[in-house]
Amino acid sequence: QGTWHEAAALSALNEGEPYGIEIGRHHVALYRVGNEYYATSNICTHAEALLSDGILEGCEIECPLHMGRFDIRTGEALTSPVEIDIRTYPVRVAGDRLEVCLP
Ligand code: FES
């Protein structure tokens, strides 16, 4: 279930540079790790900072506000103070674009 949406040009997605977008009511963060792409909710579950303003290290995004960390592959909340996992969304490459599947 869900609907595929065009999310970004692949050329806009650089290693180590989380990329925030809005699609309808969804705030989505896109990430590139090597040649893999991931998408999560862009809103930290702790106090609503934008994760796209944070620092990506490997597959961990660090929130810019209180330094909580999530695994971008699973959404798992890894370090204090974050306790609630973030949503993750499926992505796929279509030509030179990245698409994301949103509920
Ligand atoms: Fe993200 Fe506090 S808002 S860790």
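Modeller: The open sheet of three strands runs in the order β1-β11-β10, and its pairing is antiparallel. Strands here are DSSP runs of E with at least two residues, numbered from the N terminus, and two strands pair if DSSP finds at least two bridges between them. This is a predicted model, in which local features need pLDDT of at least 70 and side-chain atom pairs count only at pLDDT 80 or more, while totals for chains, interfaces and linings use all residues. Residues are numbered from 1 along each chain as its sequence is written, and side-chain values use heavy atoms, with hydrogens and water left out.

At the edges of the sheet stand β1 (3-9) and β10 (91-94), each pairing on one side only. Neighbouring strands are turned against each other by 35 degrees on average, direction ignored; the axes behind that angle are lines fitted to C-alpha atoms. Between β10 and β11 (residues 97-102), which run antiparallel, there are four bridges. Valine 91 has valine 100 of β11 as its bridge partner.

Val100 also belongs to a second, separate core of 14 residues, which includes Ile21, Val28 and Leu102 as well. Such a nonpolar core is a set of buried Ala, Val, Leu, Ile, Met, Phe, Trp, Tyr and Cys residues joined through side-chain atoms within 4.5 Å, where buried means under 20% relative accessible area (1.4 Å probe, protein chains only).

For comparison, another open sheet has four strands in the order β2-β3-β4-β9, with antiparallel pairing. Its edge strands, β2 (19-23) and β9 (88-89), have a single partner strand each, so one side of each is left without a neighbour in the sheet.

Terms used. Axes are lines fitted to C-alpha atoms, for helices over the stretch in contact, and angles run from 0 to 180 degrees between N-to-C directions. Buried means under 20% relative accessible area, exposed over 50%, partly exposed in between (1.4 Å probe, protein chains only).
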